[in-house]
Amino acid sequence: MPTSDGRLLESLRIIGEAEGIDDFAVRCCQELLRLVPGISASYNEINPAARRNFTVLYPPVDPETYARYNEVFQRHMVDNPILRYFETTGETGVTSWSDVDPDGEFLRTVLYRELYAPRGIRSQIGFLLPAPPGIRVALAINRDGTEFSARERALLTEVRLHLVNLYRLVSHAEAARLRDAALADDGWSVVLVDDSG
């Protein structure tokens, strides 16, 4: 069995071969679950002000289930204590529900009851990657209530440092591909804007 350093390097190699953000998202979720086991992992691009999001779940769920969960998440996303913590503090590092909601108040919210509880999720840990203003790019691992160990937290902290750079490389490469494809269209110019226009 490979050492934890060997597993980490292998996971980073796999993620680093991503061809675009969608592929990066899937590879991150798969590899995070390989490094830190849980029920599921998610990649989330979130705009809290507009209450919009793009989410990749692994293992994937069927489209009907995804639509149902996504609708609940969009309505109540700001109730997730990790996201609320990131929004209010500006922090981005590895954080769990138990870190920011030790009394378990979140367990009484609609978001928890309708999204997480039906899937057996009782604990979550996550972190942010760099993103344009107003957008949050978060990766999360969900568990059945088993706490995340100090070793797992340290591993995720190290993973995050590498994913910051990999995400920048993949997102810049994808933006360049999209720009080049648009410029190849006859007579069109390209203007890149953020969510606020």
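**From a helix to the sheet and its interior**

His162 is partly exposed, with a relative accessible area of 34%. In this predicted model, His162 belongs to helix 7. Its C-alpha lies 7.6 Å from that of Leu12, although 150 residues separate His162 and Leu12 in sequence.

Helix 7 covers residues 150-184, and Glu152 is also part of it. Glu152 has a relative accessible area of 9%, and because buried means under 20%, Glu152 counts as buried. Apart from neighbours within four places in sequence, the contacts of Glu152 are Val36, Pro37, Arg143 and Glu147.

Five strands make up an open sheet in the order 2-1-5-4-3, with antiparallel pairing. Strand 2 and strand 3 are at the edges and have a single partner strand each, so one side of each has no neighbour in the sheet. Strands of a sheet pair through backbone hydrogen bonds, in either a parallel or an antiparallel way.

The pairs can be taken in turn. Strand 1 and strand 2 are joined in the antiparallel sense over 7 bridges, and Asn47 has Arg52 in strand 2 as its bridge partner. Strand 4 and strand 5 also pair in the antiparallel sense, over 7 bridges. These two strands form a hairpin with 6 residues between them, and Gly134 in the turn has a positive phi of about 90°.

How many residues of strand 4 are buried? The count is 7 of its 7 residues. In a regular strand the side chains alternate between the two faces of the sheet. In strand 4 both faces are covered, with Ser123, Ile125, Phe127 and Leu129 buried on one side and Gln124, Gly126 and Leu128 buried on the other.

The largest nonpolar core has 33 residues, and Phe24, Tyr43, Leu129 and Leu163 have the most contacts inside it. At least two residues of this core come from each of helix 1 (4-16), helix 2 (21-35), strand 1, strand 4, strand 5 and helix 7. Phe24 illustrates how these parts meet: leaving aside neighbours within four places in sequence, Phe24 is in contact with Ile15, Ala18, Tyr43, Leu129, Leu163, Leu166, Tyr167 and Val170. A second, separate core has 17 residues, including Val72, Trp97, Ile121 and Ala138.

The last step concerns space that the atoms leave empty. Rolling a probe the size of a water molecule over the atoms shows where such space is left. There is 1 cavity of 30 Å³ or more, and the largest cavity holds about 330 Å³ of space. It is lined by 26 residues, of which Ser42, Asn44, Phe73, Tyr116 and Gln124 are the closest to its centre. Elements that give two or more residues to this lining are strand 1 (40-47), strand 2 (52-58), helix 3 (63-76), helix 4 (81-89), helix 6 (110-116), strand 4 (123-129) and strand 5 (136-143). By class, the lining has 16 nonpolar, 9 polar and 1 charged residues.

How values were computed
Residues are numbered from 1 along each chain as its sequence is written. This is a predicted model: local features need pLDDT of at least 70, side-chain atom pairs count only at pLDDT 80 or more; totals for chains, interfaces and linings use all residues. Side-chain values use heavy atoms; hydrogens and water are left out. Helices (H or I, at least four residues) and strands (E, at least two) are DSSP runs, numbered from the N terminus. Buried means under 20% relative accessible area, exposed over 50%, partly exposed in between (1.4 Å probe, protein chains only). Contact means heavy atoms within 4.5 Å. On a 1 Å grid over the protein atoms alone, a cavity is a set of points where a 1.4 Å probe fits but cannot get out, and a pocket is an open set with protein on both sides within 12 Å along at least five of seven lines; lining residues have an atom within 4 Å of a point. Grid points are joined across faces, edges and corners, and a volume is the space filled by probe spheres set on the points. Ala, Val, Leu, Ile, Met, Phe, Trp, Tyr, Cys and Pro count as nonpolar, Asp, Glu, Lys and Arg as charged, and the others, Gly among them, as polar. A nonpolar core is a set of buried Ala, Val, Leu, Ile, Met, Phe, Trp, Tyr and Cys residues joined through side-chain atoms within 4.5 Å. Two strands pair if DSSP finds at least two bridges between them.
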